[in-house]
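Thank you all for coming.

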Amino acid sequence: MKMKRSILTIAAGLMTGMLFTGLHVSAQTNADTLADKVSAIQEKITGFEDRLTTDEGDLSKLTKIKFSGYIQSQYLRYENPSNYPYNTFMIRRARVKLTYEPASGVAFTLEPDYQPNNFTLKNAYVQLNDPWLKTFSLWAGKFDRPDYEVEYSSSNLEDLERSKVITSLYPDEKAIGVKLEIAPPRIPLKIQIAGLNGNEGLTYSDAAGNVINAPQQNGDFDKYKDLMARVTYGFKLGNFGALNIGAHVYYGKVKANSYDVLNSDYTYNKSISNPGNSVKRNWVGFEAQLYMDVLGGLALKGEYLVGVNGTPGYYSTTSTTSQSVSSSNDTLFVRNITTTAVSAKPAIEKNFMGYYVYLIKNIGKRHQLAVRYDYYDPDTKISGKQIGTNKYAANTTNITDHYDYSGSANGNVIATDSRTIKTVTNSLSSGTGDVAYGTWTMAYSYYFTDNIKVQLAYSVPLNEKAGKVDDNGNGNVISKYNVNNIAGVLDYSKVFPQNTLTLRLQVKF
Amino acid sequence: MKTSKRIFGSASLIMIAIIGFAFMPAPKKITVKGSDTMVILAQKWAEVYMKSNPSVSIQVTGGGSGTGISALINGSTDICNASRPLKRSEMEKLKERYSTYGIEIPCARDGITIFLNESNKVNELSIQQLSDIFSGKIKNWKDVGGANAPVKLYGRENSSGTYSFFQENVVKKDYATNCQTLPGTAAVVNAVKNDKNGIGYGGAAYSVGVKQCKVKKDAKSPSYLPTSENVKNGKYPISRYLYMYMCNRPTGEIKKYIDWILSPEGQKLVVEMGYFPVK
């Protein structure tokens with residue numbers, strides 16, 4: 001029994017020892033495993049931190065790039081019979097704007113417009129902002145001309161299209177040049193001074209109506225650079241609203257491209273020695289925008305522009321030579337004829353005036369109603385009745401002969417006549433381009449979200465009654481058209497239908 | 001011309017219907033979004049107001065002043081809380097979208113407090129020193145009378161109004177690249193509390209478990225703590241208004257709520273929550 005007990009005691013002792021040893025070994029192993037795991041996790045965290053640093057670096061580069069843009073898809077229905085088709089779906093804008101800020105205060109902007117059959121570069125400029133006063137910025141490239149309605153993005157336009165006076169003076173809105181902007185951060189003052197090529201979007205034609213400059217290609221037509229300056233100031237009217245006022249001046253020139261310059265009423269003004277000399281494009285504009293809180297946002301905005309807008313002329317010569325031989329009695333006549341045909345159109349400096357007034361009412365967060373009246377008279381020096389009558393014509397034909405009896409042949413006297421014939425066709429008539437327009441536009445916008453809106457607009461252009469009417473009731477200021485094999489005439493002695501209905505869907509991002 | 005008349009007539013009817021619809025009374029739900037500095041105050045206001053007006057539901061979220069202003073512009077909030085005034089570019093956006101510059105209502109005042117770890121020997125700093133610290137020019141506490149230890153910067157994200165206000169009025173240049181940005185003043189306070197070399201900034205109401213640093217206008221001026229009295233009498237140099245912005249003048253339930261916030265009862269909560277009243 002004793003032995004049995006001893007064996008049991010030894011066995012129990014051995015087992016206890018083994019158990020403790022096992023537990024110790026196990027605890028040691030667990031501690032080692034835990035330390036390994038912690039170490040492994042630490043390594044992983046270090047790895048994640050490194051990766052995060054790299055990712056943050058990459059991400060910070062991406063935050064320097066900003067994408068924005070908008071697409072405007074619309075349905076149009078025209079009343080003007082010269083428009084064919086009279087209804088159409090179209091993409092008005094498909095723009096993506098890319099801005100890259102490689103360093104604080106430096107930004108590059110590129111904004112192409114993608115059309116189904118066309119690609120144009122709308123904005124492309126470098127902007128340098130002063131990092132100290134945060135007041136000055138210098139722009140170089142292609143950007144909006146400094147004017148209220150021009151700078152107001154068409155994605156925000158309440159009445160869908162800009163006013164006629166603005167689209168006539170600043171076609172395509174953009175111009176190439178440099179611009180200095182001064183906008184102190186704590187003062188609601190903004191000064192813009194720009195030097196521009198000045199010809200962007202403008203179309204000049206020869207005597208036959210063919211385009212002589214390079215529209216849409218940003219080709220600079222002449223050596224003259226235009227200067228534009230704009231000043232705006234804002235007044236806060238407490239919680240009632242705010243009033244912004246401003247003015248801009250355009251001081252420009254364009255190559256006359258002809259030897260004669262006409263006054264705005266189509267009378268002769270002056271001759272210039274060199275067609276490379278200039279005619280003026282000078283005007284001023286005054287603007288005001290009043291924002292009120294009257295059961296929601298209410299805005300009254302307007303701009304008035306007046307000045308002189310010069311248009312280049314055209315001067316082209318073509319020469320041909322011919323010879324005729326005839327004899328009479330004992331004289332042989334040899335006639336060398338040089339015929340020079342001059343096709344010319346004088347340059348003209350037209351006095352113009354135009355304005356627009358908007359009334360905009362926001363109703364709740366989603367609805368907006370807008371009414372606009374805009375007026376543009378491209379030639380204020382002639383009345384409606386004078387259009388078609390006022391014209392300038394200086395058509396001449398000069399023949400000069402120079403005889404030389406210098407030789408003889410077979411007993412005949414040879415008389416050589418060097419004849420020059422110069423025919424000059426130099427004329428310009430007032431016409432449809434001088435007709436003033438007043439246009440009413442009513443529009444409704446519904447914002448589904450801040451990014452998506454649908455707009456319905458109806459514009460009613462009313463042309464000035466122009467020209468004289470004959471006994472049959474037909475006017476002398478007309479525009480002929482031939483669309484879809486149907487010929488017709490737009491008679492400007494009457495107000496003819498030109499209304500347009502537009503339904504537009506816009507998505508902005 | 002007949003077609004024009006028909007179109008014009010139909011358009012007029014549609015517009016009348018829209019106007020009628022737009023002026024229908026709005027449901028009694030108010031959304032408030034914006035400043036993280038103001039979020040605890042805005043939540044308190046909403047909580048107390050809803051207790052006495054159970055039919056009104058007020059939803060308050062933070063995200064920063066910039067986020068709130070964006071929400072106001074895109075129409076997803078009725079009231080935007082902002083710890084800074086609207087920027088010119090933001091006003092332009094409001095104007096383009098709603099034909100209004102927005103309505104600004106100062107609803108409280110705040111002293112931007114400089115938070116230091118309780119073990120930090122430094123007790124006061126001038127505006128210039130703060131600018132040098134947060135722009136990275138001063139990197140060691142010994143340069144401002146503290147221990148020989150690196151300065152650890154904690155600040156807010158750039159969507160924060162406090163971030164913009166502090167940058168424009170104190171730092172006046174870019175923040176140092178090593179300034180760690182945190183989502184909310186509470187997170188800044190927490191970081192400084194756990195970092196003996198830390199320094200941060202934010203609304204006075206959040207200043208718990210950290211040391212408030214006295215601030216002086218310049219080296220020769222006396223220094224002040226952001227107390228109610230010092231903020232009120234303008235002695236504390238980094239104080240500001242806190243604003244509520246709306247697209248239009250408030251009407252209906254929103255007007256009642258704003259009027260209540262500006263009433264003695266609403267302003268009493270401003271003080272209770274650690275801010276300073278406007279009146």
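**The cavity and its lining**

Let me start with the residues around the largest cavity, which is lined by A:Lys236, A:Asn239, A:Phe240, A:Gly241, A:Tyr291, A:Met292 and A:Asp293 from chain A, together with B:Thr100, B:Tyr101, B:Gly102 and B:Ile103 from chain B. Please keep in mind throughout that what we are looking at is a predicted model. How many cavities of 30 Å³ or more does the structure hold? There is one, and the volume of this largest cavity is about 50 Å³. If we sort its lining by class, we find five nonpolar, four polar and two charged residues. The largest share of that lining, three residues, is supplied by strand E12 of chain A, which covers residues 278-293.

Let me stay with chain A for a moment. A:Leu295 sits in the loop between E12 and strand E13 (297-311) of chain A, and A:Leu295 counts as exposed because its relative accessibility is 64%, where exposed means over 50%.

Now let us turn to chain B. In helix H4, residues 88-98, the buried residues are B:Glu90, B:Leu94, B:Lys95, B:Arg97 and B:Tyr98. After H4 of chain B comes B:Ser99, in the loop that leads from H4 to strand E4 (103-116). The phi of B:Ser99 is near 55 degrees, which is a positive value in a residue other than glycine. Is B:Ser99 buried or exposed? It counts as buried, because its relative accessibility is 1% and buried means under 20%.

Chain A has a residue with a positive phi too, namely A:Asn484, which is not a glycine and has a phi of about 50 degrees. A:Asn484 is found in the loop between strand E23 (478-483) and strand E24 (486-491) of chain A. With a relative accessible area of 45%, A:Asn484 is partly exposed.

I will finish with a detail of the backbone. Which form does the peptide bond from A:Tyr84 to A:Pro85 take? That bond is cis, with omega near -5 degrees, and A:Pro85 has its place in the loop between strand E1 (65-78) and strand E2 (87-103) of chain A.

Notes:
Residues are numbered from 1 along each chain as its sequence is written. Chains are lettered from A and ligands numbered from 1 in the order in which they are written. This is a predicted model: local features need pLDDT of at least 70, side-chain atom pairs count only at pLDDT 80 or more; totals for chains, interfaces and linings use all residues. Side-chain values use heavy atoms; hydrogens and water are left out. On a 1 Å grid over the protein atoms alone, a cavity is a set of points where a 1.4 Å probe fits but cannot get out, and a pocket is an open set with protein on both sides within 12 Å along at least five of seven lines; lining residues have an atom within 4 Å of a point. Grid points are joined across faces, edges and corners, and a volume is the space filled by probe spheres set on the points. Helices (H or I, at least four residues) and strands (E, at least two) are DSSP runs, numbered from the N terminus. Ala, Val, Leu, Ile, Met, Phe, Trp, Tyr, Cys and Pro count as nonpolar, Asp, Glu, Lys and Arg as charged, and the others, Gly among them, as polar. Buried means under 20% relative accessible area, exposed over 50%, partly exposed in between (1.4 Å probe, protein chains only).
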